[in-house]
Amino acid sequence: MSTQSRSPKRLPVLPIVVGGVAILLVLAVVLTRGGSDDGGSDVGEAAAVEVSGGSLSRLDDTATDPELGALAPEISGVDFDGNAVAITNDGRAKMIMFVAHWCGVCQEEVPEVVGWLADNPLPPEVDLYLVSTGVDETRPNYPPSEWLDEESWTAPAMLDSEDFAAATAFGLPAYPYWVFVAADGTVVGRVTGGLGADVLDSLAVNLAAL
């Protein structure tokens, strides 16, 4: 776990997000990584991931996240076409969404994000990434590559490894999982559950202003 002596940055709207989606998070069926213990990942839908820097602890409580202000880990791998993808501390703010193909809330969130991007281009200072993790060919909506293609996903998408190295490095507790990183590479927010277009728009604007 990385720590810093100064007070950590927080997204100004994050408390609103937590309160505003509390009911959604309670009602949503949140599927965790532990549910895929018996399934194997297909090598075509998972790939090696290199992690550098300290890993974040598992997110157990959004309201008291000890990793706010910590330096985010850096991960590199490939997309579904084999092209290199790297999520690094490169001086740009980031919104990182971790999804599993079999997660019902993820299946609602992905088209929501696609529609949001079509109507609200990202601020020029902010990048959006998707990480496809928790892959299990025995579970519904497999393979994730076809699912994301059908949903017209165009932002960079990284394949996680068969042992979920990327998800573990960022402390994923459930799906979908969002991590927000400021331009200086520090974590400013982590939250599980579907957020929706209005919340994402506010988050993106405030993230760009940090």
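Me: Which residue in S7 is the bridge partner of Ile 96?
Reply: Strands of a sheet pair through backbone hydrogen bonds, either parallel or antiparallel. In this predicted model, Val 179 in S7 is the bridge partner of Ile 96. Strand S4 (residues 93-99) and strand S7 (residues 177-181) run antiparallel and are joined by 5 bridges; two strands pair if DSSP finds at least two bridges between them, and strands are DSSP runs of E of at least two residues, numbered from the N terminus.

Me: What is the order of the strands in the open sheet?
Reply: The order is S6-S5-S4-S7-S8, with mixed pairing among the 5 strands. Strand S6 (157-159) and strand S8 (187-192) are the edge strands, each pairing on one side only.

Me: How many disulfides does a search of the whole structure find?
Reply: A disulfide is a pair of cysteine sulfur atoms within 2.5 Å. The search finds 0.

Me: Is Cys 103 buried or exposed?
Reply: Cys 103 counts as buried because its relative accessibility is 0%, where buried means under 20% relative accessible area, exposed over 50% and partly exposed in between (1.4 Å probe, protein chains only). Cys 106, at 0%, also counts as buried.

Me: Which conventions apply to the numbering and the values?
Reply: Residues are numbered from 1 along each chain as its sequence is written. Local features need pLDDT of at least 70, side-chain atom pairs count only at pLDDT 80 or more, totals for chains, interfaces and linings use all residues, and side-chain values use heavy atoms, with hydrogens and water left out.

Notes
Helix = DSSP H or I, 4+ residues; strand = E, 2+ residues; numbered from the N terminus.
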